[in-house]
Structures are given as C-alpha cells and as structure tokens.
Amino acid sequence: MSETYGRGREETQEERADRQWSELLQELRVAQTGVQILFGFLLAVVFQSRFADLGDVDRNIYVVTVMLGCATAAALIGPVSYHRLLTGRRMKPETVIWASRMTVLGLVLLFCTMCSALLLILRVALHNETALWLVGGMALWFLVCWFVFPLWAIARGRSGPREADTDGEADTEDGDDRGDRGREA
C-alpha cells in the first residue's frame, strides 16, 4: 500500500525521492553551467598579458577566487558522484538529502566566488574604494535573491493556509517538508 507524505501529493518515500532527485538535477544544471563559465574565465585570466601588471593584493584576490571557484565546482558536481556511487543500494532518500546539502553548500561557495571575482574585476577597472561599495551592494542583492526571498516564502507559508486553500488542505508542490523530515529521521 502507498504511504502518503505531505498534504499535496500521495507518493511513497521512493517516489518522492525520485521526484526530488529529478528536480535537484534540473537545479544543478543551471548552477553548473554558470560555474563552468565563470571558472573557465578565471583559468584564462592568468594567461593574459596584463596579469603580470597586477599588484600583490589583486593577485591574492585572484588566487582566492580560483580556489573558491574550484571548491564551488566540486560541491555542485559532488551530488552526481554521490548518486553514481550509491545507485542500486536502495539509499535514494538519503542520497537526495545529502545531495541537497551539497547543493546548498555549492550555492554558498558560488556566492563567495561571484563576490570575489566581482571584487577583482572592479578593483582592476576602478582603482578605488568604489569597488568595495559596488561589491557590497551586489553581495546584498545576491543574498536577498538567493536566500532572503526563499526564507521569507517559508516564513509566509508557515503563517497559515493560503487563500487558494478551499478544501482544507494546502496544495503544495513538495508537501509538508517539516512533517516529512520527521518521518525520514
């Protein structure tokens, strides 16, 4: 018999894990493409003739940026390796949980990489402290878009039923994740 999770869908734990894995893969495709483009750019910078003209501070920012980019790529590609090594071991729900955690870590590292790359570019372009203010503003914008808006949506979702809730049950995409975590533990 099918075990029901959440309020919006009836699916077994395995069906839910399969769906969540597919959704996670789609998210990773978006993030990985951006990381690959950024990392490729970073690797090419060192071979440009103007690289020799960079001061010590800018070279250090470059090295930190490359290391962050590498760590980001590892974190965002990690779920694929994790899944591949655990395939067939009946651990899909656990795989989804750990892959999701690695993806969030990858997004945090991507945030740091983007800020560091932007700092390097703006320091070279502007040669003044305006670069720090611009990076700070953009970092704030990234934080709002990537973390504040989703957390705000979660907080709003917990405050009560939605307006479209007509039959007493909320129609949610992922069901009630808080209740599911309790069952998964």
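Guide: Let us begin with a cysteine. Cys 115 touches Val 135 and Ala 139, not counting residues up to four places away in sequence; contact means heavy atoms within 4.5 Å. This is a predicted model, in which local features need pLDDT of at least 70, side-chain atom pairs count only at pLDDT 80 or more, and totals for chains, interfaces and linings use all residues. Residues are numbered from 1 along each chain as its sequence is written, and side-chain values use heavy atoms, with hydrogens and water left out.

Visitor: Why is Cys 115 called buried?

Guide: The relative accessible area of Cys 115 is 13%, so Cys 115 is buried. The term buried means under 20% relative accessible area, exposed over 50%, and partly exposed in between (1.4 Å probe, protein chains only). Cys 112, at 31% relative accessibility, therefore counts as partly exposed.

Visitor: Which residues have the most contacts inside the largest nonpolar core?

Guide: They are Phe 51, Tyr 62, Phe 111, Cys 115 and Val 135, in a core of 18 residues. A nonpolar core is a set of buried Ala, Val, Leu, Ile, Met, Phe, Trp, Tyr and Cys residues joined through side-chain atoms within 4.5 Å. Helices H1 (13-45), H2 (56-86), H3 (92-126) and H4 (130-158) each supply at least two residues of this core; helices are DSSP runs (H or I, at least four residues), numbered from the N terminus. H3 gives the most to this core, with six residues.

Visitor: What makes the pair of Phe 111 and Phe 142 edge-to-face?

Guide: Rings of Phe, Tyr and Trp (its six-membered ring) pair if their centres lie within 6.5 Å; planes under 30 degrees apart count as stacked, over 60 as edge-to-face and the rest as tilted. The centres of Phe 111 and Phe 142 are 6.5 Å apart and their planes are at 65°, so the pair is edge-to-face. The pair links Phe 111 in helix H3 with Phe 142 in helix H4, 31 residues apart.

Visitor: Which residues form one aromatic cluster with Phe 111?

Guide: Phe 142, Trp 146 and Phe 147 form one aromatic cluster with Phe 111.
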